[in-house]
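Me: Hey, I've just opened this one and I'm new to it. Can you walk me through it?

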Amino acid sequence: MSDSNDLGATSPETEPQTEATAAVIAATRHWLTRAVIGLNLCPFAKAVHVKRQIRYVVSDAHDMEGALLDLERELQWLAEADPEAVDTTLLILPDALLDFHEYNDALFFAERMLKQLRFEGELQVASFHPDYQFEGTGPDDAENYTNRSPYPILHLLREASIDRAVEAFPDAEEIFGRNESLLRKMGVAGYHAWMAEPAEDEDGANDNAMGDADAEANKPAGDGK
């Protein structure tokens, strides 16, 4: 994977991003800034974005095994990294776990991995997918878009950061309900119209982007309601 900082500039010891990798990161960056931050779906996201503490990793995995291997490496990397430099990681899977049911199966193994690596209480994994569907909803229900991303994503978070964020937002438990209400009001067509517009600051989100070339070097549809 290639390591890049700020708008895709590569560091001397790593290889440049491929055009395909850059496109994946750009699409993810747009989703983060336009949907997650722009719609305030996660009030905690803006701070790490502004501080450039988000690490973007594009996996070249094509199956669950490869995706889980990348997840293990990234969990270990994040646990060892300075939280002031990198607070959270987006592991992006453009060619793996495209089926939402298989993705859900992978989440089971991800939770088991956290226990095996003894990262419970230190790290956790949040889930985003292009076909994300909450239990009890239809595939075209608008509220599913609170967790729909351009690619399957495993979001690695620090428990300590979550605790601090919750302390700063005492109404954190109400976020999910607010997001559901917002997306129902927008509808699927409204959401897509919103996403078709550029985000004001999306270029500033690419602070710790990883592509395909240096994995080894970096080891330590339809209208809604």
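This is a predicted model: local features need pLDDT of at least 70, side-chain atom pairs count only at pLDDT 80 or more; totals for chains, interfaces and linings use all residues.

Me: Which residues lie nearest the centre of the largest pocket?

Reply: That would be Cys42, Phe44, Ala45, His155 and Leu157, out of 41 residues that line the largest pocket.

Me: And what's the lining like by class?

Reply: The lining divides into 27 nonpolar, 9 polar and 5 charged residues.

Me: Which element gives the largest share of the lining?

Reply: Helix H5, with 6 residues. Other elements that each supply at least two lining residues include helix H1 (19–37), strand S6 (153–158) and helix H6 (175–195).

Me: OK, switching to helices. At what angle do H3 and H4 pack?

Reply: H3 (residues 64–80) and H4 (residues 100–116) pack at about 35 degrees, and their axes are 11 Å apart. Their crossing is right-handed.

Me: Which residues make that contact?

Reply: From H3, they include Leu68, Leu71 and Leu75. On the H4 side, Phe109, Ala110 and Met113 are among them. By class, the contact has 9 nonpolar and 3 charged residues, with no polar ones.

Me: New topic: how many aromatic pairs are there?

Reply: A search of the whole structure finds 7. One of them is Phe100 with Tyr132: the ring centres are 5.2 Å apart and the planes sit at 55 degrees, so the pair counts as tilted.

Me: Where do Phe100 and Tyr132 lie?

Reply: Phe100 is in helix H4 and Tyr132 is in the loop between S5 and S6, so the pair ties together parts 32 residues apart in sequence.

Terms used: Residues are numbered from 1 along each chain as its sequence is written. Side-chain values use heavy atoms; hydrogens and water are left out. Axes are lines fitted to C-alpha atoms, for helices over the stretch in contact, and angles run from 0 to 180 degrees between N-to-C directions. Helices (H or I, at least four residues) and strands (E, at least two) are DSSP runs, numbered from the N terminus. A crossing is left-handed if the near helix is turned anticlockwise from the far one by less than a right angle, and right-handed if clockwise. Contact means heavy atoms within 4.5 Å. Ala, Val, Leu, Ile, Met, Phe, Trp, Tyr, Cys and Pro count as nonpolar, Asp, Glu, Lys and Arg as charged, and the others, Gly among them, as polar. On a 1 Å grid over the protein atoms alone, a cavity is a set of points where a 1.4 Å probe fits but cannot get out, and a pocket is an open set with protein on both sides within 12 Å along at least five of seven lines; lining residues have an atom within 4 Å of a point. Rings of Phe, Tyr and Trp (its six-membered ring) pair if their centres lie within 6.5 Å; planes under 30 degrees apart count as stacked, over 60 as edge-to-face and the rest as tilted.
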